[in-house]
Amino acid sequence: MKSFDTILKECEALSFDLNFTHAKKWKAEKSDRILVGYLPIYVPREIIHAANGLPVGIMGSGDRKQIIKGDAYYQSYICHFPRGIIELALDKNLDNFDGFMFPAICDCVRNLSGMFKLSQKGKFQRYFDYPQNFEPQTGGVFYIQEMEKVMEDMYAINKIKVTDEKLNKAIKLYNKNRKLIEAIYAIRQQYPWRLSAVETYHILRAGIVIPVEEHNEILSQVVEYISNERGEPMDNIRVVVSGSFCEQPPVGLIKSIEMAGCYIVDDDFMLGSRWIQGDINENSNSPLSALSSAYINQSTFSSAYYDVGNPKGKRLVDLAQKRNADGVIFSAASFCDPALLDRPEMQKECDAAGIPHINFQFHENTGQFKVIKEQAGTFSDSIKLWA
Amino acid sequence: MAAPTEAIKEKSMILQKDMLAKQFHDLSKAKELGKKVVYTFVPGNITELILSFDMLPVYPEINALQSGMRKKSASFIKDAEKIGFSEDVCTYVKCDIGMMLNGNIGPTGEKLPSPDLLLLSYTGCFTFLKWFENLERLYPGVPVAMLHTPYQEDGQITKDQIDYMVKQLKEDVIPKMEKVSGKKYDPARLSEMMKNSAKAEDLLVKVLESAKNVPTPIDAYFAGVYYIGPIFTAFRGTTAAVEYYTELWNEVQERMRLGLGPVTPEGEIKEQKFRLVMEGPPNWTNFREFWKIFYDMGAVIVASSYTKVGGVYDLGFRHDPTEPLESLAKYCMGCYTNMNLPQRVGLIEKYVKEYKADGFLINSIKSCNSFSAGQLMIMREIEQRCGVPVGFIESDLVDPRYFSYANIKNRLESYFQMLEQRKIILKRDGIEAG
């Protein structure tokens, strides 16, 4: 068993390897393996796994890459995320990827799928439309058709047929993955000092660029390590961070929140890995239906998800209460329409529930955190002193 | 700069103004008349279906753009920002929310009725989804029907997608309309309306394609936004729309016969120096100033993508009375902003070539990612494929803070100078422009 420090260092390195070396090495080991890049938030990775593929999360270039060409593709009022993706594509970081999936989360990501089509990056570029109708016989069927399109794309490349058996096996692996991640969050809820939010972030982000089997092994070890005491409890408040589900905040920002006296007890940074709540049926005769049913009935809340009938403001309050949080920090990327259009309603729900909140905006390459740290620090102090 | 106080208007414009005035008046009296009101969106609207239940549609984007043209949007937007909406987000949404916060007084000064049904026709714009989530909270208890329109991801409309939409219409949208209106769905009535839709669509295409003539009798962007008004909104499927487009087409034919150019607020354009294809919505807060920069320089827009947000009829689609629900589905999916980027580039390329354009210009709108994200790539593609000069300006829909007259004028003047130089060089070298 590796030491905990080694695991953390390896995860950090994997998280920000913008050349995706580990994934490319995995692919090179066998000729029928494929790499499928996907953008935030969620795709059913199980179907890629079952097709002998490795789903690779592309979460942007963050503050690790200077954007030069990407800026020439986007106006100043469009978020930073897609320009980082274009930079990666033009700098050949995404070479060797066989295809790309662009989930239906906003118009920027949607149109980015068209830009990949026009520049013919990868062998397929699939805009992955989520159903916004949640009737199993309507939206559920549509979702299955969307998955089948991707399966056809992959089959055209490696001629590997996705069987029910392979899909059930993949579902089982990802069930385990989600369960282990939730175990980490559960331990952190009680003992947040045992694993910092930055460390948690690295561990989860590493998981989207390596095979799930390897990630499950890492997660098992992490759970084991943090089941024992580690670190020192601090006089921090407990917060939920919301709004960073697509463009990722720089690690410095997460660190600043923590250093300002806040334990981040829940967040939506790597939401795709936690999208489905609970297990998906892993013994189904129709695993695609099982995946579809999970999407319809077990999705978490997010700004990309139509919420009439199940308002996300209330779900955020429920989450904050479940995590015993003292407050909510709304941290959205600048120009992120989904997150920013949701914010007033979510704030209203927090107000109604008596949950204090603050908000700020960031770019993935924000370099100055002083103001954010002061804001989070004041928030923490005000709760500690007067709440 | 001062714009003329009295705009010169075509007869069809006056006709349209009367239609709109009546529409807003009817809306103000809706509750008294016992009419049910449906809030919905322009792209992918299913107006015929709403009208077939004798309900009245309200389009929040139209209210917002009207507020923009009437200089009311700035304060509405600020009011929305005061309750937490970010400066970064869509100004149509903020203008609409601000208007509601201020009593929901419509563009004609009459109060708009509250909705009896919120019909989210989710076509080509993710923000619509967020917008209606907000409306749902502003009008608690009002039923919401969602019609999810799949994106033309593969550049085509598939049978599965049509089935998905028809199923939603049958199982969710129509039952909710029946419940709200108290009337049964009448497919024969819907089909009858679609005959009118198709007639009006035929006429609109003739009007828009008249710009293939050199000189063009119309401006397909600044005047085009008026031409699309009735058919993109509350009148498609009605005899009033057919009458309007018949009148409009007669006017255009007459102008062609007389060899006249487009009518602007200051009269006919005498000299057409530059023929342009335009991408992106216009700015509404300074619409006349914006237009004036063009006609003062002798620039006319011969084709535009914005006039296709409510249907790309020139590609052949017509509402089909023999399959009304399938036809609504195809219509929704066919709208411009629901086309993928390669399709959009292909359409613009076709326009530049078929309309013999001298250049391609983008008005990039800060508020509208559906249009704006990817436009710089569209620009490069068009430049490469068509070999015409391309231009790029930036403004916003209804937020006057993002309309910088001097910047836009400077950029356009430079662009027109470039077009001028190119014409001189092409003429010198004996090459036909466009």
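In chain A, strand S3, helix H5 and strand S4 make a right-handed β-α-β unit. Right-handed here means that, with the strands pointing away from the viewer, the path from the first strand over the helix to the second runs clockwise. Helices (H or I, at least four residues) and strands (E, at least two) are DSSP runs, numbered from the N terminus. This is a predicted model, in which local features need pLDDT of at least 70, side-chain atom pairs count only at pLDDT 80 or more, and totals for chains, interfaces and linings use all residues. Residues are numbered from 1 along each chain as its sequence is written, chains are lettered from A and ligands numbered from 1 in the order in which they are written, and side-chain values use heavy atoms, with hydrogens and water left out.

**The sheet around S3 and S4 of chain A**

- The order S2-S1-S3-S4 describes an open sheet of 4 strands in chain A, with parallel pairing.
- Strand S2 (53-57) and strand S4 (124-128) of chain A each have a single partner strand, so one side of each is left without a neighbour in the sheet.
- On average, neighbouring strands of this sheet are turned by 25° against each other, direction ignored.
- Strand S3 (residues 99-103) of chain A runs parallel to S4(A) and is joined to S4(A) by 5 bridges.
- Across this pairing, Met101(A) stands opposite Arg126(A), and Phe100(A) stands opposite Gln125(A).
- Helix H5 (residues 107-118) of chain A lies across S3 and S4 of chain A, at about 160° to S3(A). Such angles run from 0 to 180 degrees between N-to-C directions, and the axes are lines fitted to C-alpha atoms, for helices over the stretch in contact.
- In S4(A), 5 of its 5 residues are buried. Buried means under 20% relative accessible area, exposed over 50%, and partly exposed in between (1.4 Å probe, protein chains only).
- In a regular strand the side chains alternate between the two faces of the sheet.
- Phe124(A), Arg126(A) and Phe128(A) lie on one side of S4(A), Gln125(A) and Tyr127(A) on the other, and both faces are covered.

**The sheet around S5 and S7 of chain A**

- Another open sheet of 4 strands in chain A has the order S6-S5-S7-S8, with parallel pairing.
- Its edge strands are strand S6 (262-266) and strand S8 (357-362) of chain A, each pairing on one side only.
- From one strand to the next, the twist averages 35°.
- Strand S5 (residues 237-242) and strand S7 (residues 327-333) of chain A run parallel and are joined by 4 bridges. Val240(A) stands opposite Val328(A) in S7(A).
- Helix H12 (residues 312-322) of chain A lies across S5, S6 and S7 of chain A, running at about 150° to S5(A).

**Single residues of chain A**

- Ile41(A) sits in the loop between strand S1 (34-38) and helix H3 (45-50) of chain A.
- Ile41(A) counts as buried because its relative accessibility is 2%.
- Beyond its neighbours within four places in sequence, Ile41(A) is in contact (heavy atoms within 4.5 Å) with residues including Pro103(A), Tyr130(A), Phe245(A) and Trp275(A).
- The structure holds 0 disulfides over all chains, a disulfide being a pair of cysteine sulfur atoms within 2.5 Å.
- For Cys246(A), the nearest cysteine sulfur is that of Cys106(A), 5.8 Å away.
- Cys246(A) is buried, with a relative accessible area of 9%.

**Strands and a helix of chain B**

- Strand S3 (residues 117-122) of chain B is largely enclosed by the rest of the structure, because 6 of its 6 residues are buried.
- Leu117(B), Leu119(B) and Ser121(B) point one way from S3(B), and Leu118(B), Leu120(B) and Tyr122(B) point the other way.
- Strand S1 (residues 37-39) of chain B pairs with S3(B) in the parallel sense over 2 bridges, and Val38(B) has Leu117(B) as its bridge partner.
- S3(B) also pairs with strand S4 (residues 144-148) of chain B, in the parallel sense over 5 bridges. The chain crosses from S3(B) through helix H7 (residues 126-138) of chain B to S4(B) in a right-handed β-α-β crossover.
- Helix H12 (residues 239-258) of chain B has 20 residues and reaches 29 Å from its first C-alpha to its last.
- Just after H12(B), Gly259(B) takes a positive phi of about 70°.

Key:
Two strands pair if DSSP finds at least two bridges between them. The expected span of a helix is 1.5 Å times one less than its number of residues.
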